[in-house]
Amino acid sequence: VCLGNGPSGICLSYLLSGYVPYFKRDSLHPHSILQRKLEEAPDVSILDQDLEYLSEGLEGRSHSPVALLFDTLLRPDTDFGGTAESVLTWWHETNRAIPHLVLGRNPPGGAWHSIEGSMITLSRGEWMGLPDLQFKEWLRQKRRGLRNNRATAEDIAQYYQHYVMKKGLQKNFRCGTVVTSVRKVSAQSLSNHAQKDLQEKSGSLWNFTEESMEVFKVDGFFKTVKGDQEPFSIEAENVVLATGTYDSPTWLGVKGENLSYVHHQLSALEEAVKDNSIGIMSDPVLIVGAGLTAADAILFAHHCSIPVIHVFRRTVNDPALIFNQLPKVMYPEYHKVHQMMKEQSAACSGPYECYVSLPEHHVLSFGKDKKCILQDKNGYQKVYKVSMALVLTGSNPNLSFLPNNGIDLAMDCNQPVNPKRNPIDVDPFTYECTQEKGLYALGPLAGDNFVRFVQGGALAVASSLLKKANKNPP
């Protein structure tokens with residue numbers, strides 16, 4: 001059972017449905033050492049090869065060796081602006097399919113359906129694609145082009161839905177599901193009926209002769225068309241966590257943060273503009289954070305001529321600031337926000353009306369009278385009257401369905417799981433949790449934060465599950 005139907009879950013379903021990648025004969029990979037390794041066993045699928053051996057020595061924008069491997073096989077020279085074709089060819093070997101279910105709240109595509117449709121992605125359009133169906137090709141069929149090589153969130157959400165239909169994966173997907181609990185139970189404790197049912201569904205995957213065998217019990221509910229909740233319970237030998245991190249926005253943990261004018265999602269600003277509760281003449285909107293969501297909020301407010309006070313902890317030239325890592329040509333709108341942050345601080349008025357930047361500041365408290373107290377690095381405090389506040393400082397995964405919120409699975413098991421600072425501790429070549437056998441983690445939960453790199457994790461999981469199921473060719 002895979003929990004989460006975003007790009008990670010879709011890619012895993014493709015690989016578990018019997019679609020097997022092989023090295024395409026006569027193709028030439030620009031990485032000569034990898035080319036030599038691929039030529040050693042051209043008749044053995046990538047899933048059945050030693051992923052550690054193949055990925056050794058690869059370098060790139062991910063810390064995961066398998067993510068770099070799969071990415072370079074699909075997009076050989078993309079980081080150098082090249083458009084070399086994939087060196088993989090795909091065969092559909094139905095005898096190697098593994099029965100599985102992919103559960104998700106939204107339609108296939110996961111959180112991409114919750115993002116404002118017109119938002120343009122950070123990644124280049126071709127990096128959003130999944131195996132064996134180029135995103136660019138799909139867009140061309142819709143007679144659309146890519147702006148600055150980038151795509152809108154709506155395009156991507158539609159592409160992921162189309163991919164599931166086109167590849168015939170929809171029978172594995174259950175949308176509108178909410179998982180409330182994942183627990184390990186002994187196979188003995190399952191009713192005979194449940195065991196029989198499982199064996200019929202899963203064929204050779206299941207063998208209940210071992211009395212000590214443990215399985216995962218996944219509980220939750222379906223949302224029916226009428227809006228009712230219908231409970232379900234599934235038992236599975238392996239569970240893959242691919243729920244992403246879009247669930248719970250990060251809170252600052254300061255006084256007054258739960259007041260009604262303080263929000264943690266960009267959509268709150270869009271709604272307020274739509275129903276005219278804020279406008280040109282309003283008090284400023286306070287935006288807290290220096291990531292891309294905060295930048296999107298600033299661009300939106302700027303477009304609507306709504307005054308903004310922008311608070312962030314870092315200096316404008318901090319190398320860790322995302323704006324200092326983006327090429328100007330590809331990201332003109334984010335470059336503009338960065339320029340505003342630099343040129344329009346409270347200390348000196350710049351060319352941008354209705355915007356004030358407060359670097360190296362943080363919020364001390366939100367007052368009931370909509371007055372916010374901010375503090376700078378020297379401890380000097382300022383009070384600002386605002387119309388609304390948006391705290392956009394990232395989000396955390398919601399793992400409330402796991403024992404102890406999944407904290408025991410993290411790299412540092414004293415802190416909550418966080419995709420950037422404290423991901424789930426997994427084996428780099430199988431993505432199986434080091435603390436819980438049979439449980440796997442994919443995507444941001446395992447520290448892979450870009451669509452182009454989550455697919456390597458799916459390759460690692462599929463390779464591991466095929467070995468467990470003895471569905472590897474001799």
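Which strands does helix 8 (residues 267-274) lie across? In this predicted model, helix 8 lies across strand 13, strand 14 (285-288) and strand 20 (388-391). Its course runs at about 155 degrees to strand 20. The paragraphs below place this arrangement within the chain as a whole.

The protein chain contains 11 helices and 22 strands. It has 474 residues, of which 53% count as buried. Among contacts between residues at least 6 apart in sequence, 68% join residues at least 24 apart. The chain exposes about 22,800 Å², and carbon and sulfur atoms supply 50% of that area.

The sheet that helix 8 lies across may be considered next. Strands 13, 20 and 14, which helix 8 lies across, belong to an open sheet of 5 strands with the order 13-20-14-15-16. The pairing in this sheet is parallel. Strand 13 (262-263) and strand 16 (355-358) stand at its edges. Each of these two has a single partner strand, so one side of each is left without a neighbour in the sheet. Strand 15 (residues 308-311) runs parallel to strand 16 and is joined to it by 4 bridges. Within this pair of strands, His310 has Ser357 of strand 16 as its bridge partner.

Another open sheet is formed by 5 strands in the order 7-4-1-11-22, again with parallel pairing. Its edge strands are strand 7 (173-175) and strand 22 (439-441), each of which pairs on one side only. Helix 1 (residues 7-16) packs on this sheet and touches strand 1, strand 4 (102-104), strand 7 and strand 11. The direction of helix 1 makes about 155 degrees with that of strand 7. Strand 1 (residues 2-3) and strand 11 (residues 239-241) pair in the parallel sense over 2 bridges. Here Cys2 stands opposite Val240 in strand 11.

The largest nonpolar core has 82 residues, and the members that touch the most others are Leu3, Leu12, Val218, Leu241 and Ile424. Helix 11 (residues 451-468) provides the largest share of this core, 9 residues. Leu12 is in contact with Cys2, Val240, Leu442, Ala458, Val461 and Ala462, leaving aside its neighbours within four places in sequence.

Not counting residues up to four places away in sequence, Val179 touches Leu3, Leu103, Val218, Asp219, Gly220, Phe232 and Phe401. Val179 and Val218 are 39 residues apart in sequence, yet their C-alpha atoms are 7.1 Å apart in space.

The cysteines complete the account. Cys2 has a relative accessible area of 4% and is therefore buried. Cys11 is buried as well, with a relative accessible area of 0%. How many disulfides does a search of the whole structure find? The search finds 0 disulfides.

Terms used: Residues are numbered from 1 along each chain as its sequence is written. This is a predicted model: local features need pLDDT of at least 70, side-chain atom pairs count only at pLDDT 80 or more; totals for chains, interfaces and linings use all residues. Side-chain values use heavy atoms; hydrogens and water are left out. Two strands pair if DSSP finds at least two bridges between them. Contact means heavy atoms within 4.5 Å. Axes are lines fitted to C-alpha atoms, for helices over the stretch in contact, and angles run from 0 to 180 degrees between N-to-C directions. A nonpolar core is a set of buried Ala, Val, Leu, Ile, Met, Phe, Trp, Tyr and Cys residues joined through side-chain atoms within 4.5 Å. Buried means under 20% relative accessible area, exposed over 50%, partly exposed in between (1.4 Å probe, protein chains only). Accessible areas come from the Shrake-Rupley method with a 1.4 Å probe; for residues, only the protein chains shown count as cover. A disulfide is a pair of cysteine sulfur atoms within 2.5 Å.
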